[in-house]
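Look at the sequence and the model below before reading on. The points that follow are grouped by topic.

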Amino acid sequence: MFKLILFSMRPLDWTKNLFVFVPLVFSQNLFNIRLFIYALSASLIFCLASSSIYITNDIKDRDEDKAHPIKANRPVASQSLSAKNAAAAALILHAGCLILSWFISPGFMLIVVLYLLLHILYSFFLKKVVVLDVMVIAAGLVLRVLAGSAAIRIETCPWILLCTAQIAFFFALTKRRQEAIA
């Protein structure tokens with residue numbers, strides 16, 4: 001069951017959490033070991049947060065995913081992982097990332113809470129609204145940059161946020177376009 005939960009956590013998608021390191025790099029603190037550890041911890045917490053959302057989304061969409069040629073192989077859709085066990089894993093991940101985020105800073109925890117709430121709303125409501133769908137995907141990357149700033153306790157540069165938002169919109173629109181033509 002552990003392998004099925006790990007697969008449902010989608011570790012290949014964790015690369016998005018590297019956006020947490022953007023403030024560390026652009027503040028020229030990449031080689032500050034203490035700040036690097038904070039940023040690394042923040043990135044790992046976002047891996048837990050995003051994984052909890054992936055599992056929540058898989059539970060919510062399991063009936064639709066059964067009919068999809070690729071998503072039907074996901075553990076929840078294929079019923080190799082029960083929705084009950086997946087929900088327990090998602091709740092543990094939700095709680096774990098919230099508890100761990102408090103140890104980084106209250107500001108960081110607030111951003112994690114916003115990320116979780118936004119993506120839960122996305123899973124249940126917003127992904128069906130075309131423009132909001134893309135905006136939420138983009139906001140997820142921008143929140144990671146803000147979280148990186150909160151983790152290392154530096155002010156976020158507006159230019160970095162603007163550039164991140166543009167890159168995020170490009171990624172989100174490209175993803176949706178690929179799904180539309182597939």
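The model is predicted.

**Helix α5**

- Helix α5 runs over residues 83–104.
- It has 22 residues, and the distance from its first C-alpha to its last is 31 Å, close to the 32 Å expected at 1.5 Å a residue.
- The buried residues of α5 are A86, A89, A90, L93, H94, C97, S101 and I104.
- Seen down the axis of α5, these buried residues fall within an arc of 140°, so they line one face of the helix.
- That buried set packs against α1 (2–8), α3, α6 and α7.
- On the face of α5 turned away from the buried side are the exposed residues K84, L91, I92, I99 and F103.
- K84, which belongs to helix α5, has a relative accessible area of 70%. Exposed means over 50%, so K84 counts as exposed.
- Between K84 and F36 there are 37 Å in space, C-alpha to C-alpha, and the two are 48 residues apart in sequence.

**Helix α6**

- Helix α6 takes in residues 106–124.
- With 19 residues, α6 reaches 27 Å from its first C-alpha to its last, close to the 27 Å expected at 1.5 Å a residue.
- Buried in α6 are F108, I111, V112, Y115, L116, H119, Y122 and S123.
- Around the axis, they cover an arc of only 135°, which puts them on the same side of α6.
- The exposed residues P106, L110 and L117 are carried by the face of α6 turned away from its buried side.
- The cover over the buried residues of α6 includes α3, α5, α7 (130–152) and α8 (158–181).

**Serine S51 in helix α3**

- S51 sits in helix α3, which spans residues 33–60.
- The relative accessible area of S51 is 0%. Buried means under 20%, so S51 counts as buried.
- The side chain of S51 makes a polar contact of 2.9 Å with the side chain of W14.
- Leaving aside residues up to four places away in sequence, S51 touches M9, W14 and L93.
- One of these contacts, L93, is also among the buried residues of α5.

**Aromatic rings**

- A pair of aromatic rings is described by the distance of the centres and the angle of the planes.
- How many aromatic pairs does the structure hold? There are four aromatic pairs.
- In one of them, the rings of F46 and F108 have centres 6.1 Å apart and planes at 70°, so this pair is edge-to-face.
- F46 belongs to helix α3 and F108 to helix α6, so the pair ties together parts that are 62 residues apart in sequence.
- F46 and F108 are both buried.
- Another pair is made by F170 and F171, with ring centres 6.3 Å apart and planes at 50°, so it is tilted.
- F170 is exposed, at a relative accessible area of 55%, whereas F171 is partly exposed, at 43%.
- F46, F108 and Y115 together form one aromatic cluster. Both F108 and Y115 are listed among the buried residues of α6.

**A charge over a ring**

- R153 lies over the face of Y38. The distance from the ring centre is 5.0 Å.

**Two loop residues with positive phi**

- R10 is not a glycine, yet it has a positive phi of about 55°.
- The loop that holds R10 lies between α1 and α2 (22–26).
- R10 has a relative accessible area of 15%. This is under 20%, so R10 is buried.
- Q28 is not a glycine either, and its phi is positive, at about 60°.
- Q28 is in the loop between α2 and α3.
- Is Q28 buried or exposed? At 73% relative accessibility, Q28 is exposed.

Key
Residues are numbered from 1 along each chain as its sequence is written. This is a predicted model: local features need pLDDT of at least 70, side-chain atom pairs count only at pLDDT 80 or more; totals for chains, interfaces and linings use all residues. Side-chain values use heavy atoms; hydrogens and water are left out. Helices (H or I, at least four residues) and strands (E, at least two) are DSSP runs, numbered from the N terminus. Buried means under 20% relative accessible area, exposed over 50%, partly exposed in between (1.4 Å probe, protein chains only). A polar contact is a pair of N or O atoms within 3.5 Å; within protein, one must be able to donate a hydrogen and the other to accept it, and residues adjacent in sequence count only if both atoms are side-chain atoms. Contact means heavy atoms within 4.5 Å. Rings of Phe, Tyr and Trp (its six-membered ring) pair if their centres lie within 6.5 Å; planes under 30 degrees apart count as stacked, over 60 as edge-to-face and the rest as tilted. A charge sits over a ring if NZ of Lys or CZ of Arg is within 6 Å of the ring centre and within 35 degrees of the ring normal. The expected span of a helix is 1.5 Å times one less than its number of residues. The arc is that of the directions from the helix axis to the C-beta atoms.
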